[in-house]
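The following exercises are to be worked with the sequence and the structure side by side. Each task is followed by a solution in steps.

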Amino acid sequence: MWLTIFLFLLPGLVLFTLLVLLPILIAGYLSFFRWNGLGGLPEPGSDRFIGLENFQRLLSDELFLGDIRRMLIIVVLSLVIQLPMSLGLALLLNQKMRGRAIYRTIFFAPYVLSEVITGVLFTMVFSPEHGLVNSVLSAIGLEGAAAEWLADPDTVLYSVFAVITWKYFGFHMILYLAGRQGIPNELLEAAAIDGANAWRQFWHVTLPLLGPTIRMSVFLSIIGTIQLFDLVWVLTRGGPVHASETMAVTMYIFGFERRQFGYASAISVAMFLISLVFALAYQRWVMRRDTEGAITTMRDQR
Amino acid sequence: MSTASHARPAGPRTRKRVRSLVLHATAITLGSFIVVPIVYGVLGGFKDTGQLSNNPFGLPDPWRFQNYAEILQSSFFWRPLFNSTFIAIATALLVVAVSAMAAFIFARFAFRGRELLFTLFAAGLMFPFAVAILPLFVLLRMTGLLDNPLGVILPQAAFGMPMTIIILRTFFRSIPREVEEAATLDGCSAFGFFWRILLPMARPAIATVTVIAIVTSWNNFFLPLVVFNDVDLWTIPLGVQQFRGQYTEDTARVLAYVVLAMVPALAFYAVAERQLIGGLTAGATKG
């Protein structure tokens, strides 16, 4: 039996160890060095070893601190605007209506387009001269609202957020829709008989029962925001004047354009630690009840 | 609720109709936010730059087929299309094969350390891919896998494993023990049971994880960006980005390229919508 277990697990374990776990260790190792990426890996005893200097630099780097601030802004915007919108839409599409399947297909469609395609399309949509948004605004007599969108440091982050929402709200809507369909309608009917109006049914029955789905969707949204790269790279390359830069973009620029592999590795490590701390804290404090449920059902099946 | 009909004798039918009207109005308004940028792209591809600035959202006048036609005749479109397809299929085959084997062990064998190992794989879901980009680049360069399709296929498969294992393990568990016992009594080895009974029974789950792997690989940009220097290896996202850089002034041509690049993904979505949505919701609710 042990032979079977070993042989079946071996390929996956090798692949996973070499290409998921090992890179994280390499990033940790490189983050202690000053290295331009040429030649083999720097050796521990060499003069390239600089201890924690990269991390000290990181913590006083306005750019990196700005990345964190922008990440938090997008997280807050997602939690306050994007996810509630997805939830509302899911409840809307849960009602009996003609063409429901078509609406669902359309809302989810942007999810299958790559971030690059979405990004290039939206550079045209947001183009200041003859982009779609400004043309529409002037056509309906709102020339004053026309803006530079992606070219203006004051609006760029919100424009990027709008594109993120365009691409991902359908995904969260699908999650909520699946969660909602797992709630028996009898519960809502019982609440209605007890005199609860639509709002109270939503607040006291639907929302609490959607808890696990909402917690999962929030988790996925935040993990996605921490590593945001493709969309920003294509839309703005982090500009103008770093106003839309993310940690992954900063890492790419320092690593692959300025050839500061050590410093870029330190940014990778920071991204890793931020997601790790977030994931552990979230599992511990927010999803605790959900995983407890999962673990007990796992035990039942044993 | 009869008081509501006091002012005007509106029956339940009228109320229902108003309600459905509001529902549709909301859905159509939101739907148009999705559809309008895409339609703008499709129509824009039929215009020239002058038309795009004078007449941004009307129908093209005259229709120019040149942009689409020229792209469809150039290897600059077909080459990335072929590369993306090849890499997506290879990634899917690899990740499904190794994950199915691991999920089989995690689902049907009891041994010390199983949950620990499984948790290690499942924890991979929390590692942002972006964290690994730079060290992967260093690693792939040391092993000579830069400018080699394997340099993208292998890491993609490795990072796809957590989700695939979680979904497959759940499904493998749902297959009753009796099936396995009967197979063993008939002289079936562990591998025979896995290959001839479990996998065929798990076809819907296999289809789901395959579709997810294909879509994820198809849309990957960051890894191919650092691995492929050679234009002949570029995938669709790299092609789109490069084409945009090359024809900055010719917006209509770029729109045509973007629209054509969307077609395979949307066509695949049309075919595999059920598997994709089913898999994503299952992965998110069970992970």
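**Exercise 1.** Determine what share of the residues of chain A counts as buried, and describe the overall build of the chain.

Solution. Of the 302 residues in chain A, 41% are buried; a residue is buried if 20 or more other C-beta atoms lie within 10 Å of its own, exposed if 12 or fewer, and partly exposed in between, with C-beta atoms placed from the backbone. The model is a predicted one, in which local features need pLDDT of at least 70 and side-chain atom pairs count only at pLDDT 80 or more, while totals for chains, interfaces and linings use all residues. Residues are numbered from 1 along each chain as its sequence is written, and chains are lettered from A and ligands numbered from 1 in the order in which they are written.

Next, the secondary structure: chain A has 14 helices and zero strands, where helices (H or I, at least four residues) and strands (E, at least two) are DSSP runs numbered from the N terminus. Along the principal axes, the C-alpha atoms of chain A fill a box of roughly 75 × 70 × 35 Å. Finally, 66% of the contacts in chain A with a separation of 6 or more join residues 24 or more positions apart; a contact requires C-beta atoms, placed from the backbone, within 7 Å.

**Exercise 2.** Describe chain B in the corresponding terms, and state why it is described as more spread out than a compact globule.

Solution. Chain B contains 13 helices and zero strands. Its radius of gyration is 25 Å, well over the 19 Å that the globule rule gives for 287 residues, so chain B is more spread out than a compact globule. The radius is taken over C-alpha atoms, and the rule is 2.2 Å times the number of residues to the power 0.38. The C-alpha atoms of chain B fill a box of roughly 70 × 70 × 35 Å along the principal axes. Buried residues form 45% of the 287 residues of chain B.

**Exercise 3.** Identify where helix H1 of chain A bends and which elements cover its buried residues.

Solution. H1(A), residues 2–30, bends by about 40 degrees at A:Leu10, and A:Pro11 follows within four residues. The bend is the angle between axes fitted to the seven residues ending at a residue and the seven starting there. Among the buried residues of H1(A) are A:Phe8, A:Leu15, A:Phe16 and A:Leu30. Their cover includes helix H13 (261–286) of chain A, and helices H4 (75–108), H5 (114–123), H6 (129–142) and H7 (150–173) of chain B.

**Exercise 4.** State how many residues each chain gives to the contact between chain A and chain B.

Solution. Chain B gives 71 residues and chain A gives 68 residues. On the side of chain B, helix H13 (residues 251–286) supplies the largest share, 15 residues. That side divides into 55 nonpolar, 13 polar and three charged residues; Ala, Val, Leu, Ile, Met, Phe, Trp, Tyr, Cys and Pro count as nonpolar, Asp, Glu, Lys and Arg as charged, and the others, Gly among them, as polar.

**Exercise 5.** Is A:Glu245 buried or exposed, and which residues does it touch?

Solution. A:Glu245 lies in the loop between helix H11 (230–235) and helix H12 (247–257) of chain A. With 23 other C-beta atoms within 10 Å, A:Glu245 is buried. Not counting residues up to four places away in sequence, A:Glu245 touches A:Leu63, A:Gly66, A:Asp67, A:Arg70, A:Gly238 and A:Thr250.

Notes. Two residues are in contact if their C-beta atoms, placed from the backbone, lie within 7 Å.
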